[in-house]
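Hi,

Here is the structure I said I would pass on.

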Amino acid sequence: MDPMRRLLVERACERLIVDFVHRLDLGEPASVAELFTEDGSWEWPPPGDGRRVRGRAALGEYFGARPADRLSRRLMSNILVTVVSEETATAVSYFSTHRVDGYTGGLVPAGPPVQVGHYEDTFRRTGDGWLLASRVLRLPFGGPTPALR
């Protein structure tokens, strides 16, 4: 693959990684499903809670069930995309999540992140461009979401 084509694939995959967290934090969470292939999957394997969601419709339901009063901001870093072929790519990216439930507006005192981990992604080129084929969440640091009073 020529260097320019590789760069374009890397950028398309990086864009999906960042778009995912923007949609969760600032947009419509159910729309995250649009970033996945029709048979795409999201997984949080043990030692997490063992969740696995497969298929665009199920992903839309899952992410759309996010509590309406949840305020969150995810910080992404160390995004490393590896182009495997003309049709597939992988990535590892770090994240930290600041989150509270019961948000009704205003400024929330800053606290430590409730999660720090990384995503392991697989991307596939489709007729609609590059999409997430799978996302696995690895969470070595985590705790409960605090609730505001």
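Let me start with F20, which is buried because its relative accessible area is 1% (buried is under 20% relative accessible area, exposed over 50%, partly exposed in between, with a 1.4 Å probe and protein chains only). Before the rest, some housekeeping: this is a predicted model, where local features need pLDDT of at least 70, side-chain atom pairs count only at pLDDT 80 or more, and totals for chains, interfaces and linings use all residues. Residues are numbered from 1 along each chain as its sequence is written, and side-chain values use heavy atoms, with hydrogens and water left out.

On to the rings. A pair of aromatic rings is described by the distance of the centres and the angle of the planes. The rule takes rings of Phe, Tyr and Trp (its six-membered ring) with centres within 6.5 Å, and calls planes under 30 degrees apart stacked, over 60 edge-to-face and the rest tilted. That gives 8 aromatic pairs. One of them is F20 with F63: the centres are 5.6 Å apart and the planes sit at 85°, so this pair is edge-to-face. It links distant parts of the chain, with F20 in helix α1 (residues 3–26) and F63 in helix α2, 43 residues apart. Helices here are DSSP runs of H or I with at least four residues, strands are runs of E with at least two, and both are numbered from the N terminus. F63 counts as buried because its relative accessibility is 7%.

Then there is F95 with Y119, which is stacked because the centres are 4.6 Å apart and the planes are at 25°. F95 lies in strand β4 and Y119 in strand β5, so the pair ties together parts 24 residues apart in sequence. Both F95 and Y119 are buried.

Which residues do the ring pairs link into a cluster? They are F20, F36, W42, W44, Y62, F63, F95 and Y119.

A57 lies in helix α2 (residues 56–64) and counts as exposed because its relative accessibility is 63%. G111 is in the loop between β4 (88–100) and β5 (115–126), and at 41% relative accessibility G111 counts as partly exposed.

Cheers
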